[in-house]
Amino acid sequence: MGIALVTGASSGIGKELARLFARDGHGVVLVARRRERLDELARELESKHGVKAWPIACDLAATDGVERLVGDIGSLGLGVDYLVNNAGVGTTGAFAESNPAAEVAMAELNVTAVVRLTRAFLPAMLARGQGRVLNVGSTAGFQPGPYMATYYASKAFVNHFSEALAYELRGSGVTVTLYCPGPTQTEFGDVSGVGQSKLFRLQVATAESVALAAYRALMAGRVLAVHGFLNRVGVALLRVSPRAWVRAVVASLNRPAAHGSGR
Ligand SMILES: NC(=O)c1ccc[n+]([C@@H]2O[C@H](COP(=O)([O-])OP(=O)(O)OC[C@H]3O[C@@H](n4cnc5c(N)ncnc54)[C@H](OP(=O)(O)O)[C@@H]3O)[C@@H](O)[C@H]2O)c1
């Protein structure tokens with residue numbers, strides 16, 4: 001059995017992923033900012049599955065967040081067999097009117113922390129000749145997203161970074177899996193503000209179903225998987241649709257009420 005490091009384990013998809021690793025007997029390092037939630041989950045997983053769980057409260061958007069986390073894991077003497085880059089946030093609204101600090105913090109968490117964590121744990125995985133990385137991207141990463149511009153762009157980074165890395169690592173014994181959920185019922189809708197958008201009224205998956213499919217894709221060593229049939233159809237349509245039309249449709253789906261009807 002291995003050790004899985006799961007970021008964003010205090011809620012939503014990350015919490016369900018941590019439960020799946022523990023169910024299968026893996027030790028879990030649980031990372032997020034809300035310590036009490038991590039402590040509670042650690043108690044649940046240890047008592048229910050008899051595994052060891054290490055809750056580590058950490059702000060991954062802070063400049064030294066990842067460095068401190070890597071140091072903590074080193075002090076615990078843990079090797080990471082499964083790295084799950086799941087923590088992510090979004091914001092909604094016109095970029096020019098956005099909170100600049102929130103936009104930068106999002107980029108730090110969704111992009112920079114993924115790069116830092118992957119770069120930190122990959123060499124040891126390669127030295128062992130085994131390891132698995134799961135990056136939670138998004139269907140948002142396959143197109144530009146007006147009114148969620150930074151978020152969509154951050155997920156485009158995760159999507160492309162993951163696929164490229166998977167190619168570089170082929171034959172090494174280390175796999176990288178990109179899992180792309182579409183709208184999913186978690187705290188993300190409220191935190192980002194997108195929960196009230198037309199997009200989230202179309203269809204919403206459960207965190208449990210997304211986590212299970214992502215976990216299976218990871219364990220199967222798949223490079224890329226998109227959650228759900230309708231999302232897969234949507235991503236396929238994007239590839240053949242005029243870009244101007246794509247921009248307009250996504251704007252209409254994301255546009256907050258204050259910005260008009262979306263037509
Ligand atoms: N829900 C969707 O519709 C959807 C769709 C596509 C992709 N995704 C992606 O799925 C992933 C998981 O999101 P979710 O839907 O499960 O949302 P969620 O319920 O809001 O969970 C987000 C997790 O990230 C953690 N987090 C946020 N800021 C952090 C920070 N600065 N440092 C460390 N941890 C931080 C949160 O914990 P704390 O607040 O305790 O720090 C929480 O555990 C994200 O990457 C998201 O982009 C979600």
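**Figure 1. Overview of the chain in the predicted model.** Of the contacts in the chain with a separation of 6 or more, 71% are between residues 24 or more positions apart. The chain has 10 helices and nine strands. Its radius of gyration is 18 Å, and a compact globule with 263 residues would have a value near 18 Å, so the two agree. Along the principal axes, the C-alpha atoms fill a box of roughly 55 × 40 × 35 Å. Buried residues account for 49% of the 263 residues. The chain exposes about 12,300 Å², and 55% of this area is supplied by carbon and sulfur atoms.

**Figure 2. Strand S1 and its pairing with strand S2.** Strand S1 covers residues 3-7, and five of its five residues are buried, so the strand is largely enclosed by the rest of the structure. The side chains are divided between two directions: Ile3, Leu5 and Thr7 point one way from S1, while Ala4 and Val6 point the other way. The residues on both sides are all buried. S1 runs parallel to strand S2, residues 27-32, and five bridges join the two. Within S2, Val28 is the bridge partner of Ala4.

**Figure 3. The aromatic pair of Tyr151 and Tyr152.** Five aromatic pairs are found in a search of the whole structure. In one of them, the ring centres of Tyr151 and Tyr152 are 6.3 Å apart and the ring planes meet at 80°; planes over 60 degrees apart count as edge-to-face, so this pair is edge-to-face. Tyr151 has a relative accessibility of 9% and counts as buried, because the limit for buried is under 20%. Tyr152 is also buried, with a relative accessible area of 7%.

**Figure 4. The stacked rings of Phe157 and Phe161.** These two residues form an aromatic pair with 5.5 Å from centre to centre and 20° between the planes. Both Phe157 and Phe161 belong to helix H5, which spans residues 149-168. They are four residues apart, about one turn of the helix. Phe157 counts as partly exposed, at 32% relative accessibility.

**Figure 5. Further aromatic residues: a cluster and a charge over a ring.** Phe21, Tyr82 and Tyr215 together form one aromatic cluster. Elsewhere in the chain, Arg170 has its charged end over the ring of Tyr167, at 3.7 Å from the ring centre.

Figure 6. Leu122 has a relative accessibility of 10% and counts as buried. When neighbours within four places in sequence are left aside, Leu122 is in contact with Leu165, Leu169 and Val174. The C-alpha atoms of Leu122 and Arg132 are 9.2 Å apart in space, and the two residues are 10 residues apart in sequence.

**Figure 7. Tyr147 in the loop between strand S5 and helix H5.** The loop that holds Tyr147 lies between S5, residues 131-136, and H5. Tyr147 is not a glycine, yet its phi is positive, at about 75°. With a relative accessible area of 21%, Tyr147 is partly exposed.

Key: Residues are numbered from 1 along each chain as its sequence is written. This is a predicted model: local features need pLDDT of at least 70, side-chain atom pairs count only at pLDDT 80 or more; totals for chains, interfaces and linings use all residues. Side-chain values use heavy atoms; hydrogens and water are left out. Rings of Phe, Tyr and Trp (its six-membered ring) pair if their centres lie within 6.5 Å; planes under 30 degrees apart count as stacked, over 60 as edge-to-face and the rest as tilted. Buried means under 20% relative accessible area, exposed over 50%, partly exposed in between (1.4 Å probe, protein chains only). A charge sits over a ring if NZ of Lys or CZ of Arg is within 6 Å of the ring centre and within 35 degrees of the ring normal. Contact means heavy atoms within 4.5 Å. The radius of gyration is taken over C-alpha atoms; the globule rule is 2.2 Å times the number of residues to the power 0.38. Accessible areas come from the Shrake-Rupley method with a 1.4 Å probe; for residues, only the protein chains shown count as cover. Two strands pair if DSSP finds at least two bridges between them.
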